[in-house]
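Me: I am new to this structure. Please walk me through its main features, one short exchange at a time.

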Amino acid sequence: MRARRGVYSLHSTRARVLCVAALCGAGLLLAACMRAAALEPAGFSAAQRGLVPGPGASEPYVVALDAGHGGFDTGANALVQELGVCEQTVDVLYALLEADPNYTPLRTRPNGEDRSIKERAQAADDGGAQLLLSIHANSDESTHQSHGFECFPTPPGRRHSEEAMRFALCIAQRMGQAGHRLRGGNGVRFAYYSGKHKQIVDSTEDRPRTQKSFGIVERPDCPAVLAEQCFLTNYSDVEQWTGEAGCARAARVYYDAICAYFGTQPLESA
């Protein structure tokens, strides 16, 4: 019996050691998960929060940049002109991505020219884009009180919608960290058209719908997000998010979000 108790005691000791090791490992894993969760936007599933590129993506990542409007289409004209904000922001973002060896940026149109949505999407597809960002600015002529940032990913139920949502969350989270107000709760919304009537819904309303959304997030064969950088009818937004300094500030937010989406380290000097 003593010999058996010795064997049992040895086995018991080994078991206790293994249990302690397992618990320590589990504790470290839990702590890592908690740290990761603290850096991710709340209110979404783990799949939506996953900052990973879509299937088939490989370096250098090709990112299509779409400056809204163009040519004679100047977009909103309020305290400043939308077209100038779009092109100036894209210029800075293009330079940031071009300086980073992990990326190959491409434009959906040259500055000063207008192209149809179909032509823009085709330019992105022809260039092998793995992600598309369309930059716009908002306006509300009825009041100067409307302000903040919102972005519109490919809607639920479409191809690339999950990846587009992940990218939209990357942008909105960093815009909030930069001090921008996030419209619609978390800054991510969906847009749908019924004829000429546009309906905006919050991202929590994620049931698939048959109505069309913005063409620039529907047509490209890659995840796509349309960003409304700020309100051109709001003095504070214009001061913070337009002009040379404001557009550069926004471009840096977009760049950091792109790096987060693809899982690369942003260049500090970029």
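Reply: This is a predicted model, where local features need pLDDT of at least 70, side-chain atom pairs count only at pLDDT 80 or more, and totals for chains, interfaces and linings use all residues. Residues are numbered from 1 along each chain as its sequence is written, and side-chain values use heavy atoms, leaving out hydrogens and water.

Me: What pLDDT does the chain average?

Reply: pLDDT is the predictor's confidence in each residue, from 0 to 100. In this chain 78% of the residues score at least 70. Over residues 1-51 the pLDDT is below 50. The chain average is 85.

Me: Which element gives the largest share of the lining of the largest pocket?

Reply: A pocket is an open set of points on a 1 Å grid over the protein atoms alone, where a 1.4 Å probe fits, with protein on both sides within 12 Å along at least five of seven lines; lining residues have an atom within 4 Å of a point. Here 25 residues line the largest pocket, and His69, His136, Phe214, Leu226 and Glu228 lie nearest its centre. Elements are DSSP runs numbered from the N terminus: helices (H or I) of at least four residues, strands (E) of at least two. The largest share, four residues, comes from E3.

Me: How many residues of that lining are charged?

Reply: Asp, Glu, Lys and Arg count as charged; Ala, Val, Leu, Ile, Met, Phe, Trp, Tyr, Cys and Pro as nonpolar; the others, Gly among them, as polar. The lining has eight nonpolar and six polar residues. The charged ones number eleven.

Me: Is Leu226 buried or exposed?

Reply: Leu226 sits in strand E7. Its contacts (heavy atoms within 4.5 Å) beyond four places in sequence include His136, Phe152 and Phe214. Buried means under 20% relative accessible area, exposed over 50%, partly exposed in between (1.4 Å probe, protein chains only). At 3%, Leu226 is buried.

Me: How far apart are the C-alpha atoms of Gln229 and Ile135?

Reply: Gln229 is also found in strand E7, and its relative accessible area is 0%. Gln229 touches Ile135, among others. The two are 94 residues apart along the chain, yet their C-alpha atoms are separated by 7.0 Å.

Me: Which cysteine has the sulfur nearest to that of Cys86?

Reply: A disulfide is a pair of cysteine sulfur atoms within 2.5 Å, and the whole structure has zero. Cys86 is buried, at 0% relative accessible area. The nearest cysteine sulfur is 8.6 Å away, and belongs to Cys247.
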